[in-house]
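Hi,

Here is the structure I promised to pass on.

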Amino acid sequence: MLEVKNLVKTYGNITAVNNLSFTAKPGKIFGMLGPNGAGKTTTIRTILNIIKPNSGEVLLNQRAVTKDLFNSIGYLPEERGLYKKSKVNDVITYLANLKGMHGHTIKAELDKWLKKLEIPHYKERKIEELSKGNQQKIQFISAVIHNPLLLILDEPFSGFDPINQQLIKDVILDLLDNGKIIILSTHQMDTAEKLCSEILLINEGKEVLSGELSEIKKKFGGNHVKFGYEGDIRFLNEMDEVISFDIYSNTAEVHLKDEVKPELFLKKIIEKVSIKHFSVIEPTLNKIFIDSIKNQKI
Amino acid sequence: MKKAFTVAKWEFFEKIKSKAFIISLFLTPAIIILFSVLPTLLATKESDSTKAVGILDLTQKYFSEYKSEIEQYKIGGNFPAYAILNNYKEDLSSDSLIKHADQMVIESRIDGYILIRQDAEDSIKVEYRSKSIGNFQDVARFEEAFNNLRIKRKLIEENANPALVEFIKNKVNVNQIKIEKPGEEGKSGFEPVFFSSIIFILLLMMMIIYSGQMLVRSMLEEKSNRLIEILISSCTPKDLLFGKVFGLSALGLTQIIVWLIIGISLIGAALIPMNAFENIHLIFIYFILGFVFYTTLFVGVGSIVSTEQEAQQITSYLSLLLVLPTVFIISALQNPESTIIKVLSYIPFTLPSVMILRVNVSPIPLWEIAATFLIMILSIIIVVNVSAKIFRFGILYYGKMPTLNEIKSWLKE
């Protein structure tokens, strides 16, 4: 279990992390969400003991994270990069060595992982000869090869095509079965929604929302409908039943007042535009994210 | 510490495999040999062809005897070193004779000519007139020959015993011998000392500057692609710093060993005098101490840069500190006991190169060697600690270079 208690980190006058507390449990993916500059990276760096917090503590299974625990932590930073001129095999071996692994274990694990990520033939190639996606896979391997207890993934899917995104997703879910603590930091709300069972939403260093995703959705509640249409739906602006709405290409997500019955709302709009499909939905994480951040600003 | 070793191993093997390193390994000694050994070789090498030299004796008293005096110099297989030509013609004025002889030099019909004339005070004036004035050996010979001639004449005039003439002609030269220990002679002469010192100092400098740049550049790479975050979430900044210093020092050692092998084979080829390698053990230790000192400094200071330009600035400032002592090479050779040299040999920045120089020039008391070793080791310990602190913050510092005040606050934490 990873416990972060009352974490504070300031840079001069700027408070990057403001009294943040959370707990991530094994066997679950903990989503750390927030807009750019919210303090996600600073929080991660503090957990990793890369930077020292002004106050607060980080405990992994009741032990403070110091260099003794380095071998139990895996980290995939948001900005990727490896020694470009060196060979895949050499780079991973070096990084695995630094995580306390030894010769033949590394070799066996490396072969296993290269095969799992479908790139066994790149073992002896130089990093710079690999495509961006394959370089990312190498970096992913270097974060997980030592079988860490705690795995921190910062935007693990960026830069992957949909097929590889699926591959990485499957691999992450596999890791979960082994009882790892996984922290996923991302902007991709749909991914977070599918993978995370608990989330922490932060903005300007402060907690905005936290807890079980299902709980949050229930709490956030509301009366949401989604429909596909053809025509002009600007009239939504004038409807009393509507609290807010988002329009995607020919699809709209509408937050209705609690007392409004969806079927009545449908009747009203069906007179104005042609409806292709209509459904009652839970609020998406994306919606929760945008609304929470907006509300906080007001 | 185990992780520091892992870092060291990585730094060592990745760099030793790089093409740039392999090229520098052989290019550096080649450049040094080219710049330091070759000129000496060329300067001391006797010319291998007979030179055409004219004599314009306006006094008309010396020509034939002077000619036979100069013709005693031989090259290679008993050929005369100089073919002498008489530039004097009776019916011409001295001015037009000089002009005519000058013309011959300009047209390269002769290499030069010796002009002998009487000046106002009735004393003899001799000039060697040629297109270049660099040939010290020729001039020295012409001077010796002319003085021999004058002395011989005077003695004969005074009816001295002809044996006396020969006796006076055989001059005794004073040789310079450097004493290392009672009864043990060191290398002699200015040139070997000068060149062996300068070779080691140049090697030290080139190695430090080269590996310093390599180090700063590789740190910049780790910083800009955030590999540094992976590294320091795997080991402590101190491990990383030690690892880098160890790795590079091992690389430096490898370089020296390769260069020594090259050096020894050059002695074999008689290109470098054997005595250039006296005191090699002391030089070696100063070399390593200097190298470790500067490498640690480079790691600390280099960690704060985040662009290629800043990296270049920093490395050139540090290199300047390193190059500074070369200004004092000549004065150190002439007067190794001078105050400035003594002072410089106790400042850690200049200590290694100045001591390499002093070790070469004159014997150094044991206490002084011990003291300088101690200073160097203490400075390395201080620099390691200061660098480790700067490094810890510097590697996570992006954007503009930190101010001195910021660095001070890092040192306090």
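Let me start with a question: which residue forms a salt bridge with A:Glu79? The partner is B:Arg226, and the closest N and O atoms of the pair are 3.5 Å apart. By salt bridge I mean a side-chain nitrogen of Lys or Arg within 4 Å of a carboxyl oxygen of Asp or Glu.

Some housekeeping before the rest. This is a predicted model, where local features need pLDDT of at least 70 and side-chain atom pairs count only at pLDDT 80 or more, while totals for chains, interfaces and linings use all residues. Residues are numbered from 1 along each chain as its sequence is written, chains are lettered from A and ligands numbered from 1 in the order in which they are written, and side-chain values use heavy atoms, with hydrogens and water left out.

Now the interface. Three salt bridges cross between chain A and chain B. There are also twelve residue pairs in polar contact between the two chains, both residues at pLDDT 80 or more (N or O atoms within 3.5 Å; within protein, one must be able to donate a hydrogen and the other to accept it, and residues adjacent in sequence count only if both atoms are side-chain atoms). On the chain A side, helix H2 (residues 88–98) gives the most, with six residues (helices are DSSP runs of H or I, at least four residues, and strands are runs of E, at least two, numbered from the N terminus). Chain A puts 27 residues into the contact and chain B 23, counting heavy atoms within 4.5 Å. About 2500 Å² is buried between them, 57% of it from carbon and sulfur atoms (accessible area, 1.4 Å probe, lost on being put together, summed over both).

Over all chains, the search finds 34 salt bridges. In one of them, A:Glu198 pairs with A:Lys25, the closest N and O atoms being 2.8 Å apart. A:Glu198 lies in strand S9 (residues 198–203) of chain A and A:Lys25 in the loop between strands S2 (14–24) and S3 (29–33), so the pair ties together parts that are 173 residues apart in sequence.

Last, the second largest cavity. Its lining includes B:Gln213, B:Arg217 and B:Glu308 (a cavity is a set of points on a 1 Å grid over the protein atoms alone where a 1.4 Å probe fits but cannot get out; lining residues have an atom within 4 Å of a point). H11(B) gives the largest share of that lining, four residues.

Cheers

Methods
1 Å grid on protein atoms, 1.4 Å probe; cavity = no way out; pocket = protein on both sides within 12 Å on 5 of 7 lines; lining within 4 Å. Buried area = accessible area lost by both parts, 1.4 Å probe.
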